[in-house]
Amino acid sequence: MDPISLAKWWEGEGDAVRCLLCPRTCLIEEGKLGFCLVRKNIGGSLFSTNYGIVSVSTIDNIEKKPIFHFLPGSKLYSVGSFGCNLRCLYCQNYPLVEGGFEAAPYRRLRPEDLVSEAISRGADGIAWTFNEPIVWSEYVIETSRLARKEGLYCMLNTNGYINDSPRDELLEVMDAIKVDIKGFSNRFYSEVCRGSLDPVLGTCKAASEKGIHLEVAYPVVRGRNDSPGEIDRFCKWVRFNLGPETPVHFIMVHSYHRFAGHPETSLEDLQKIRLLGIQSGLNHVYVGGTTKGPAQNTYCPVCGELLISRSGDSDAEKVYFRDQQVSRFCPSHSAVRVMLCGRSCPRCGRIVNIKTKI
Ligand code: SF4
């Protein structure tokens, strides 16, 4: 199988091509790659050079993504490729983003091979994760379509930085999506991630309007995106645009990659930020990057009954790429216990936004 595939979402401009997949809209000269390092102009056409290329794959719990309100405790076949359309200074998977892949270890899998592999490993679904799946969209869409026909569900772990038309095609084949909102200002996006905020918010709204299960993560970078004002603006935006039942995860950002030496977010910082979220009217606010503390559990927003308990570090397989552990700061839970009555609280009957079956 030829791993290079003609890309979708582009147009020619003389000898160059304009990629229309994400808001960067790179103008790519003959023989060159776009910013994501995986879309290439060959002979005046745009190609997806990472089509069918799998860098890492593993089985883990959906809680690791983190997704807490969709098929709790279910098993995902988590797969990734190469490339990203942002450059977060603290990226925990940068070898998959910045390294290029010509000399890297990887496997080539046709969509049907990947689906068979997921089934044979006992997965309930496929997670597109590790690198940014948006820059792998052609393969992700084709494989997800096939996977859903075979009874697997599909989830996207994404930065949400995509243009409207490809976004709608991608969402059409997804059952669940977790979007990182990396800060609540264009300044933060520009200085720390080399992107912008509005397209990300657009992806969240589109997923919500289409009825796809959505959870939002906010990686907290100490001193950069954690002021009470910024957190309050973020929480209110979620509440009024996505609804108060949307699960929100405040994630610990570690001193890593280009942020090595930057002060780390502490558990205490996250607990305070979580309280701000609850005070702003969000019903399900969690703390991520750890499996410790009561902020891992789901409680009824009306009577406080424990609905889902999550505890303990799982012994999930550690995944390495070029001697670096990928997703190294995403722990998962070994025990997930669901105490719902259908979709309702067993004590007061309040319906909660949790899907226990598709
Ligand atoms: S997907 Fe890649 S090539 Fe296309 S516009 Fe975005 S960064 Fe540029």
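**Figure 1. Helices H7 and H8 are oblique to each other.** In this predicted model, the axes of H7 (residues 228-241) and H8 (residues 267-279) come within 9 Å and cross at roughly 45 degrees. H7 and H8 therefore count as oblique (angles under 35 degrees are roughly parallel, over 145 roughly antiparallel, 65 to 115 roughly perpendicular, and the rest oblique). Axes are lines fitted to C-alpha atoms, for helices over the stretch in contact, with angles from 0 to 180 degrees between N-to-C directions. Helices (H or I, at least four residues) are DSSP runs numbered from the N terminus, as are strands (E, at least two). The crossing of H7 and H8 is right-handed (the near helix is turned clockwise from the far one by less than a right angle; anticlockwise is left-handed). H7 contributes Pro 228, Ile 231, Asp 232 and Cys 235 to the contact, and H8 contributes Ile 273, Leu 276 and Gly 277 (contact: C-beta atoms, placed from the backbone, within 7 Å). By class, these residues are five nonpolar, one polar and one charged (nonpolar: Ala, Val, Leu, Ile, Met, Phe, Trp, Tyr, Cys and Pro; charged: Asp, Glu, Lys and Arg; polar: the others, Gly among them).

Residues are numbered from 1 along each chain as its sequence is written. The model is predicted, and local features need pLDDT of at least 70, side-chain atom pairs count only at pLDDT 80 or more, and totals for chains, interfaces and linings use all residues.

**Figure 2. Helix H3 packs against helix H4.** The axes of H3 (residues 137-149) and H4 (residues 164-171) are 9 Å apart, at an angle of about 25 degrees. This angle makes H3 roughly parallel to H4. H3 passes H4 in a left-handed crossing. On H3, Ser 137, Val 140 and Ile 141 meet Pro 166, Glu 169 and Leu 170 of H4. The contact comprises four nonpolar residues, one polar and one charged.

**Figure 3. Residues surrounding the ligand.** The shell consists of Cys 19, Leu 21, Cys 22, Arg 24, Thr 25, Cys 26, Gly 34, Phe 35, Cys 36, Arg 39, Asn 85 and Val 135 (C-beta atom, placed from the backbone, within 6 Å of the molecule). Seven of the shell residues are nonpolar, three polar and two charged.

**Figure 4. Domain 1 in contact with domain 2.** The chain is divided into domain 1 (1-49) and domain 2 (50-338), with bounds from an automatic or database domain assignment. Their centres, taken over C-alpha atoms, are separated by 26 Å. Contacts link 19 residues of domain 1 with 22 residues of domain 2. On the domain 1 side, 13 residues are nonpolar, three polar and three charged.

Key: Contact = placed C-beta atoms within 7 Å.
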